[in-house]
Amino acid sequence: MTPHDHQRLHGIAVSPGVAVGPLVVVAPAPVAPPDEPAPTDVAASLAQVRQVLQEVAEQLLARAHEAGPQARTILETDAMMARDPGLAQAIEEQLTQGKGPATAVTEAIAGYSATFETLGGYMAERVTDLLDIRDRVVARLLGLPSPGVPTLTTGSILAAHDLAPAETATLTRETCLGIIVEAGGPTSHTAIVAAGMGIPAIVQVAGVLSVPSGTPVAMDGGTGEVTINPSIEAQTQLNQRAGRREAALASAIGPGATSDAHPVALLANIGTLDDAHHAAASSAEGVGLFRTEFLFLGRDTMPSLEEQTQTYTEVFSLFSSRRVVVRTLDAGADKPLKFADLGPEENPALGRRGIRLGMARPELLNVQLAALASAQQITGVDLRVMAPMIATESEAQWFATHTRSAGLTQVGVMIEIPAAAVRSHHILPHVDFASLGTNDLAQYTMGADRMQGELADLLDPLEPALLDVVALACEGGQTTGKPIGVCGEAGGNPLSALVLVGLGVSSLSMAPTRLPAVRYALSLHTLEQCQQLAKVAREASSAHEARTAVLELVDPALRDVI
């Protein structure tokens, strides 16, 4: 018996499924030596660093070509960051101050990371990518192998502090049976990529890196439990459960509905053309969230009307009669655009982003709306267009007027700010539908950055305070007769999906790989049972208590597979 035999670790379940296999611990990246000497020739050192940055960018692009749709765009953006002239300039400043090359890179990227964290949102999510670039550059400068996930030749379970896009880009379900990380949160990159690939994953697992590589591990991505050196009996039980889960989910087919035939549309979230192709081939009833930022970010000029029309037409043509819900450009202070700079802000994370940018730069929105209208005319798709970051009735009214003037008839708003939920009965009369962005809604409700892994427990989709805010939005929908959907991560969790339907949500949008589990969960419960689950969850004093209460009431068949 080893000290770890049958030891159990616990974390936050972010991608369901079970796995048993040997653990592969991702080694920590090399760091700059504390006594690294100052460069004798700053120009020569800068030239060396520039060359290494270029090599890392090329390496990232090569991985992008091998990557699936979820990681390709991120890797291409990472390559652009490695080639950023501003980063090279920051490194040159460190070299001029007498820092050695590896130290200069480390210090410069630390400054960039701090800025990104301050910006929040999309930019904060890029910090992991920046640190990955740092580690790859430092390793090359020190003449060491590139850090990251080793080549997997047999089915293994990965353990790491966290995983950057470049590390997950080439993973496959055949060799990566599961992912366990010490950091991360429910909406972290690792969680989203794992869910998109259908790989079981658990985040915030303290102590997993102390387990030696090669140790047999069993993990349950539905409960967040990890067992070290599991017994043969425990492994057998997990494998049997995996078989039952696969059979159960395969039996869930057709449109989403409760067991008493109450319809709940099950839709896909997409953010790139590749995502659209993947979603179109899935069982999704359409698209509940089409993020359009990929067309705008990292550019010096705004994409033209013709370019946008072509892209939207390609996406819409994949879905025929199925609905496609488009979110207009969600950029601004936290996703800065070179061609729409509104100047510095004291708190960019709460600044002029989303609809606020659209109102300040209406030409951006007008061109996008015109392109969407043209693409709809070409394809005849069931198009619905919604605005992000709506906070007030006047914003909703302004957006609805602009959108309908462009010839688009189905107009909606994102409810991701508590103010919009509280005032939904005033906002909804101006539009045709709303979609709850539960990721941002949770962080604004709880005052907890969704990229701060240590605060992940406050962002649980079954947090009673969040459910109360969702309930307010749904009450506004019921009063006005306007449908309310969900396009955040909460919609892809079987338990929270049932609760959301009980609160009055009529559609759920998620990563396509999550659709079968949610469809199966709905098929086991009536609408009245969902309403009872919502009631007990809201009456709980914590997310943990809510989950326990919900689990006690759900059909036992669901407990066996989530």
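Reply: What follows is a set of questions and answers on this predicted model.

Me: What makes β1 and β2 edge strands of the sheet?

Reply: The open sheet has eight strands in the order β1-β8-β7-β3-β4-β5-β6-β2, and the pairing is mixed. β1 (8–10) and β2 (12–15) each have a single partner strand, so one side of each is left without a neighbour in the sheet. Neighbouring strands in this sheet are turned against each other by 30° on average, direction ignored.

Me: How do you know that β3 and β4 are paired?

Reply: Pairing requires at least two bridges between two strands. β3 (residues 18–25) and β4 (residues 156–160) have three bridges, in the parallel sense, so they count as paired. V25 stands opposite A159 in β4.

Me: Which strands does helix α9 touch?

Reply: Helix α9 (residues 232–251) packs on the sheet and touches β3 and β7 (216–220). The direction of α9 makes about 120° with that of β3.

Me: Why is T403 called buried?

Reply: The term buried applies under 20% relative accessible area. T403 has 0% relative accessibility, so T403 counts as buried. T403 is found in helix α14 (residues 393–405). Leaving aside residues up to four places away in sequence, T403 touches L369, V385, L408 and V411.

Me: Which residues have the most contacts inside the largest nonpolar core?

Reply: They are F316 and L508, in a core of 100 residues. Beyond four places away in sequence, the residues that L508 touches include V264, L267, V486 and V518. A second, separate core has 29 residues, among them L46, V56, A82 and L87.

Me: Why is the contact between R140 and E55 called a salt bridge?

Reply: The cut-off is 4 Å between a side-chain nitrogen of Lys or Arg and a carboxyl oxygen of Asp or Glu. R140 and E55 have an N to O distance of 3.0 Å, so the pair qualifies. Side chains of opposite charge can pair when their charged atoms come close.

Me: What makes R140 and E55 a link between distant parts of the chain?

Reply: R140 is in helix α6 (residues 127–141) and E55 is in helix α1 (residues 42–66), 85 residues apart. R140 counts as partly exposed at 32% relative accessibility, and E55 counts as partly exposed at 26%.

Me: How do you know that D440 and R353 form a salt bridge?

Reply: Their N to O distance is 3.8 Å, so the pair falls within the 4 Å limit. D440 is in helix α17 (residues 438–446), and R353 is in the loop between β11 (323–327) and α12 (355–360). Both D440 and R353 are buried.

Me: How many salt bridges does a search of the whole structure find?

Reply: The search finds 15 salt bridges. One of them joins D432 and R404, with the closest N and O atoms 3.2 Å apart.

Conventions: Residues numbered from 1 in each chain as written. Predicted model: local features only at pLDDT ≥ 70, side-chain atom pairs only at ≥ 80, totals over all residues. Heavy atoms only, no water. Helix = DSSP H or I, 4+ residues; strand = E, 2+ residues; numbered from the N terminus. Axes fitted to C-alpha atoms, helices over the stretch in contact; angles between N-to-C directions. Contact = heavy atoms within 4.5 Å. Buried < 20%, exposed > 50% of the residue type's maximum accessible area, 1.4 Å probe, protein only. Core = buried A, V, L, I, M, F, W, Y, C linked by side-chain atoms within 4.5 Å.
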